[in-house]
Amino acid sequence: MEIISIKTMQEKASCLRCEKKRIGFVPTMGALHQGHLSLIKAAKEENDVVVVSIFVNPIQFLHGEDYEMYPITMEEDKKLCRQMGVDVIFHPDAAEMYPEKLLTTINVSEITSRLCGSFRPGHFQGVTTVVTKLFHIVKPHVAYFGQKDYQQAIVIKKMVKDLNFDVEIRMLPIVREGDMLTGKDACPASGAGLALSSRNAYLNPDEKAQAGILFQTLQTAKKMLDDGERDGHKLSDWMAKNLQNAPLVLVEYAEVCDPETLEPLSQVRMGAVLALAVRIGKTRLIDNMVWEQEEREEREKKGSRSKRCGS
Ligand code: AMP
């Protein structure tokens with residue numbers, strides 16, 4: 001496993017492309033956990049070479065956010081990458097990525113002003129700008145993103161489509177506490193179902209226990225949809241109220257939105273995204289669920305039931 005600079009990375013990527021090697025890329029900010037590892041695993045399975053970037057990108061943090069205190073666990077990250085069979089870690093420092101004042105940025109409009117965008121103005125511009133730089137450096141055929149950051153994945157997909165980037169974007173499911181039975185993230189007693197995030201490390205035990213309300217809220221809202229509720233505003237209101245049952249939780253948003261435009265839906269349809277953002281103490285947490293599976297399963301069940309009735 002190599003750990004390399006921008007120039008070396010670019011040269012290596014060009015060589016690999018000439019050799020017709022397929023490059024899979026997993027961009028991260030480090031402090032790796034099972035969520036990141038699920039992306040790396042998929043990249044390993046689907047490509048000849050896997051590159052993981054570890055870069056805490058200063059321009060996607062707003063003034064007063066946690067850039068300075070963002071967890072860094074480089075030695076552990078290297079160990080995990082080695083165990084996962086990662087070929088290259090791209091780990092530039094901020095001075096290498098931003099050697100001079102940046103006059104060029106990438107901005108995706110509309111979908112970046114909704115959900116997290118309205119609470120973190122400028123955040124997505126920082127994300128799309130760094131991802132563009134990373135794509136130009138790593139030259140991947142496929143890049144892997146987590147549904148955990150649903151809006152981020154949608155914004156990047158739109159940027160790639162609008163600007164004809166030669167890369168395929170894959171969005172993989174959220175890994176949650178309790179999804180795995182062993183390892184440092186296994187902690188079924190507290191915050192069950194909590195989406196894994198490097199920021200969970202900020203939570204004290206009380207906060208972590210209350211953070212379980214996010215997943216519980218999503219699950220119940222999904223059940224309400226499965227049971228026939230279609231009023232998006234009613235569902236959003238219910239989710240916000242339910243989150244407030246946890247005394248340490250401060251709700252930023254609780255929305256039911258269109259999966260592409262991220263606009264709030266008054267009439268919920270299949271594929272809709274239930275999206276939450278809260279603050280618990282000093283920690284900001286996000287989570288989401290796509291309403292898809294159950295409805296399809298439900299229809300299939302109904303279908304087989306009516307077939308059985310008819311036969
Ligand atoms: P980060 O290091 O937080 O910037 O995340 C890097 C990538 O890992 C992003 O595409 C995230 O969406 C993804 N990711 C983070 N947490 C999870 C999770 N719990 N499950 C799946 N993907 C995740």
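1. A backbone N or O atom of Val175 lies 2.9 Å from a nitrogen atom of the ligand. Taken alone, the ligand exposes 480 Å², of which the protein buries 93% (areas by the Shrake-Rupley method with a 1.4 Å probe).

2. Please keep in mind that this is a predicted model, in which local features need pLDDT of at least 70 and side-chain atom pairs count only at pLDDT 80 or more, while totals for chains, interfaces and linings use all residues. Residues are numbered from 1 along each chain as its sequence is written, and side-chain values use heavy atoms, with hydrogens and water left out.

3. The ligand is surrounded by 17 residues (each with a heavy atom within 4 Å of it), and the closest include Met29 and Leu196. The largest share of this shell, 3 residues, comes from α2, while β2 (23–28) and β5 (142–146) each supply at least two.

4. Arg199 sits in the loop between β6 (168–172) and α8 (205–226), and is buried, with a relative accessible area of 16% (buried means under 20%, with a 1.4 Å probe and protein chains only). Its side chain is joined to that of Asp66 by a polar contact of 2.7 Å (a pair of N or O atoms within 3.5 Å, one able to donate a hydrogen and the other to accept it).

Note on methods:
Helices (H or I, at least four residues) and strands (E, at least two) are DSSP runs, numbered from the N terminus. Buried means under 20% relative accessible area, exposed over 50%, partly exposed in between (1.4 Å probe, protein chains only).
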